[in-house]
Amino acid sequence: DEERAFQLLEEGFLDVRHLPQGKDMASRIVISVNAAIVNICHALRSSRKLESVQCPGPFSGHALADKEVEAVTWGFAEIPGVAKLALLGGPCGGKTKSGRRIRDVLEKEPSKFQVFRTPEIATVLFLQGAMSNGTYQNFVPEEYIEFIVQCEILQIVFEGIWAQGAALSSGSATGLLLTDRDALDGKSYSRPVDESQPVSWSRILLKVGERLKIPGLSDDDLAKRYLG
């Protein structure tokens, strides 16, 4: 809901409740996360591999809502005064500690730097029930494929929303947006990197490109959005 969306923003060091754009940013998060959960649930139900699948809302197709489309545009754009740095690594890989250290160092000069951070997308979806709340019980490949696709889309959407918030909140300072993982993270959980997984990265990229209406979406298109 909207309150939880505001909490996510605040956990990412964005206090936007007082801004005219604050409710709109929270609304975009709610719309995007709800759409992701419905799409994942629809994939599971359509597989017919589990009985009594209860989805939180009706499935109305894969097309993104207007607010999601605009957030995707922000996610690919260069937002003046904002830079994105991806924090990478698996569970317990030091992402949180590294992000905290970067923030502590840079914000000793608050007139020069303001640091923000997006949440881990998979965790956001697990908390909404995706993949059996992250336990992966009753594993269904069709659900997993849609889960990875939605993680990729939400990563870009969230980065766009946070980048806009960083631009509004940083004043004359440079806004540094730390992202928990990046838009290439799904590659680590698909073939050929992980041969145990049921889907290829090329298939994921194709699906994400189709949903975002970006034909030929490539690794480079995703990677060049970050520093370095």
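**An exposed loop residue and its surroundings**

A: Asn138 counts as exposed because its relative accessibility is 52%. Here exposed means over 50% relative accessible area, buried means under 20%, and partly exposed is what lies in between (1.4 Å probe, protein chains only). Before going on, note that this is a predicted model, where local features need pLDDT of at least 70 and side-chain atom pairs count only at pLDDT 80 or more, while totals for chains, interfaces and linings use all residues. Residues are numbered from 1 along each chain as its sequence is written, and side-chain values use heavy atoms, with hydrogens and water left out.

Asn138 sits in the loop between helix H6 (130-134) and helix H7 (141-169). Helices (H or I, at least four residues) and strands (E, at least two) are DSSP runs, numbered from the N terminus. The backbone is worth a glance too: Asn138 isn't a glycine, yet its phi is positive, at about 55 degrees. In general, most residues other than glycine have a negative phi, and most peptide bonds are trans. For a sense of reach, Leu19 lies 119 residues from Asn138 in sequence and 43 Å away in space, C-alpha to C-alpha.

Arg48 also has a positive phi without being a glycine, at about 60 degrees. Arg48 belongs to the loop between H2 and H3, and it is exposed, with a relative accessible area of 77%. Another backbone feature turns up at Arg191 and Pro192, which are joined by a cis peptide bond with omega of about 5 degrees. Pro192 is in the loop between E3 and H8.

A nonpolar core is a set of buried Ala, Val, Leu, Ile, Met, Phe, Trp, Tyr and Cys residues joined through side-chain atoms within 4.5 Å. The largest one has 56 residues, and those with the most contacts inside it are Leu9, Ile29, Leu125, Phe147, Phe158 and Trp162. H7 supplies its largest share, 15 residues. There is also a second, separate core of five residues, including Ala83, Leu87, Leu176 and Leu178. As a general point, nonpolar side chains in soluble globular proteins tend to be buried together.

Leu9 touches Leu14, Val16, Met25, Ala26, Ile29, Ile161 and Trp162. In helix H2, Ile37 is buried, with a relative accessible area of 10%. Ile37 touches Pro56, Leu125, Gln128 and Ala130.

Ile79, in the loop between H3 and E1, counts as buried because its relative accessibility is 13%. Its contacts are Trp74, Ala163, Gln164 and Ala167. Ser170, in the loop between H7 and strand E3 (174-180), counts as buried at 8% relative accessibility. Ser170 is in contact with Gln114, Phe116 and Gly175.

The chain's 17 Å agrees with the value near 17 Å for a compact globule of 228 residues. The C-alpha atoms fill a box of roughly 55 × 35 × 35 Å along the principal axes. Of the 228 residues, 45% are buried. Among contacts between residues at least 6 apart in sequence, 71% join residues at least 24 apart.

Terms used. Rg over C-alpha atoms; globule rule 2.2 N^0.38 Å. Contact = heavy atoms within 4.5 Å. Lists of a residue's contacts leave out its neighbours within four places in sequence.
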